[in-house]
Amino acid sequence: MHLGHVVGTAGAAPPARGWSTLSAQADLSVPGRAGPAGSLTVTVSTKALRDNAAWQVMLALGASVGLMIAFVVTLHATVRRHVMAPLMRLLLAMREIEHKRWTTVELGGAYRPSNEIDVISQAFNRMVEGLRSGDAAKQLLVELEQAHDRLERANRQVVESIGYARRIQDSVLPDRNALAGAGVEVAVLWEPLHVVGGDYFWLEEIDGLCVIAVADCTGHGVPGAFLTLIVATALDRLLHERGLRAPAAILAGLDAMVRTQLRQDGRGAESDDGLDCGLCVWDRAAGTLHFAGAGLSLTVVRDGVAERVRGGRRGLGYPRPARDGQPEDVVADIAVPVAGATFYLMTDGITDQMGRAAPDRAPRLLGRRGVADSLLRHADLPLAAQTVALEADLDAYRGTEARRDDMTLVAFRLPPATAAG
């Protein structure tokens, strides 16, 4: 506008004035001229502004909604992955545990100490391992108890069977008083290492002769006891069926019968068993005592001196092929003076006692010398008391050492009148 006249306009004129338009006016000046040269008026419609603002608001709202949706989707996926899935695995594992299926929670190698669910899952896994170990131990304990019960039943059956075998073996052994009618004083120490044993003794009066024998069969326990039955049967046949009376002849017959029973006559025999035996025959009428030994000797105590009467070194039985090319150890009868003597037949279980002569000494074998010393100390006692004293001496010598073999000793004294005659 210039001098009250409109010089020019731009755009459509606003239809009305008020809140629907915005106007701004400013004076125009010309350099070098005083006073305003005119004025400039700008009028703007607010409708366009409102429309533009509404559009911007809609855009903002749309963007916000999109961001919220994206956030919710991302949050849901994150919660599902890091919260719901581990919790579900933990819940499934807990259900398995209820049925004693020891399932652990798989962490997938992504354990995070800061994640409480991972911490709980790891603690749960440790608990499962503990329960699994405890349950396995409990199951193992149950199985061990069942096995122990089975073993106890089996052991009871074995013990009962061996106990019955002991009664059978006792019945096969001769009566300790079998020679009492002949005036012979006899005392017997028979002590198997186990319930039954491989030691055997024979006492019998037959045709005016007194036969006294001691045998030490291979092994001890049940195997040795089986061999004693063979020996008992063979001695009975040799004395009553074949009528043998000389000690050496009886031992020779016993050797042959044992090898026959164990099938040791041919090469490749499976049995490598046998026995040592010492046998005395006292002729009451003649007043003579003859001895023969196969691996065992006769101990004679007379006038405070212990003497050893040796027999043959080779035992009875055992396969002959193993001895091919070796000279036979011939067993012969040995006449033994009887006056004033006490006689002892014993197995090596008596002499093979390990013990300490003093607490500071190493264990050593008692041996025949030690046994002879014990017999000499108690030589004045009755024979029954001697065997008790000898057994006490052996127990004292062993101390804490265990016995290693069956023990058998037969002590006998002949009637004084016969001995003098």
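**Sheet packing, core and strand pairing in the predicted model**

The structure described here is a predicted model. Its protein chain contains 8 helices and 15 strands. Of the 421 residues in the protein chain, 35% are buried. Among contacts in the protein chain with a separation of 6 or more, 65% are between residues 24 or more positions apart.

Strand S8 has 5 of its 5 residues buried, so it is largely enclosed by the rest of the structure. Burial extends to both of its faces, with Leu-298, Val-300 and Arg-302 on one side and Thr-299 and Val-301 on the other. S8 runs antiparallel to S9, to which it is joined by 5 bridges, and Arg-302 stands opposite Val-305 in S9. The two strands form a hairpin with 2 residues between them, and in the turn Asp-303 has a positive phi of about 55°. S8 also pairs with S12, again in the antiparallel sense, over 5 bridges; Thr-299 has Tyr-344 of S12 as its bridge partner.

Strand S12 (residues 341-346) is in turn paired with strand S15 (residues 407-413) over 4 bridges in the antiparallel sense. Within this pairing, Phe-343 stands opposite Phe-412 in S15, and both residues are buried. Contacts of Phe-412, leaving aside residues up to four places away in sequence, are made with Val-184, Glu-185, Val-186, Ile-212, Cys-280, Leu-289, Thr-342, Phe-343 and Leu-383.

The largest nonpolar core comprises 59 residues, of which Val-184, Leu-254, Leu-275, Leu-298, Phe-343 and Phe-412 touch the most other members. Strand S5 (residues 209-217) supplies the largest share of this core, 8 residues. Another core, of 16 residues, lies apart from it and includes Tyr-344, Val-371, Tyr-397 and Met-407.

Aromatic pairs in the model number 2. One of them joins Tyr-200 and Trp-202 in a tilted arrangement, with 6.5 Å centre to centre and 55° between the planes. Tyr-200 counts as buried at 3% relative accessibility, and Trp-202 is buried with a relative accessible area of 9%. The pair of Phe-343 and Phe-412 is stacked, at 5.2 Å centre to centre and 20° between the planes. Because Phe-343 lies in strand S12 and Phe-412 in strand S15, this pair ties together parts that are 69 residues apart in sequence.

A further group of paired strands is arranged around S6. Of the 10 residues of S6, 8 are buried, so this strand is largely enclosed by the rest of the structure. S5 and S6 run antiparallel and are joined by 9 bridges; here Ala-213 has Leu-279 of S6 as its bridge partner. S6 and S7, likewise antiparallel, are joined by 6 bridges, and Gly-278 is partnered by Gly-293 in S7. S6 and S7 form a hairpin with 4 residues between them, in the turn of which Gly-287 has a positive phi of about 70°. S6 and S10 run antiparallel with 2 bridges, and the bridge partner of Leu-275 in S10 is Leu-316.

Helix H3 (221-240), strand S6 (274-283), strand S7 (288-294) and strand S10 (316-317) are among the elements covering its buried residues. The buried residues of H4 are Pro-247, Ala-248, Ile-250, Leu-251, Gly-253, Leu-254, Asp-255, Met-257, Val-258 and Arg-259. At 1.5 Å a residue, the 15 residues of H4 should span 21 Å, which agrees with the 21 Å between its end C-alpha atoms. Just after H4, Arg-263 adopts a positive phi of about 55°.

Conventions. Residues are numbered from 1 along each chain as its sequence is written. This is a predicted model: local features need pLDDT of at least 70, side-chain atom pairs count only at pLDDT 80 or more; totals for chains, interfaces and linings use all residues. Side-chain values use heavy atoms; hydrogens and water are left out. A nonpolar core is a set of buried Ala, Val, Leu, Ile, Met, Phe, Trp, Tyr and Cys residues joined through side-chain atoms within 4.5 Å. Buried means under 20% relative accessible area, exposed over 50%, partly exposed in between (1.4 Å probe, protein chains only). Contact means heavy atoms within 4.5 Å. The expected span of a helix is 1.5 Å times one less than its number of residues. Two strands pair if DSSP finds at least two bridges between them. Rings of Phe, Tyr and Trp (its six-membered ring) pair if their centres lie within 6.5 Å; planes under 30 degrees apart count as stacked, over 60 as edge-to-face and the rest as tilted.
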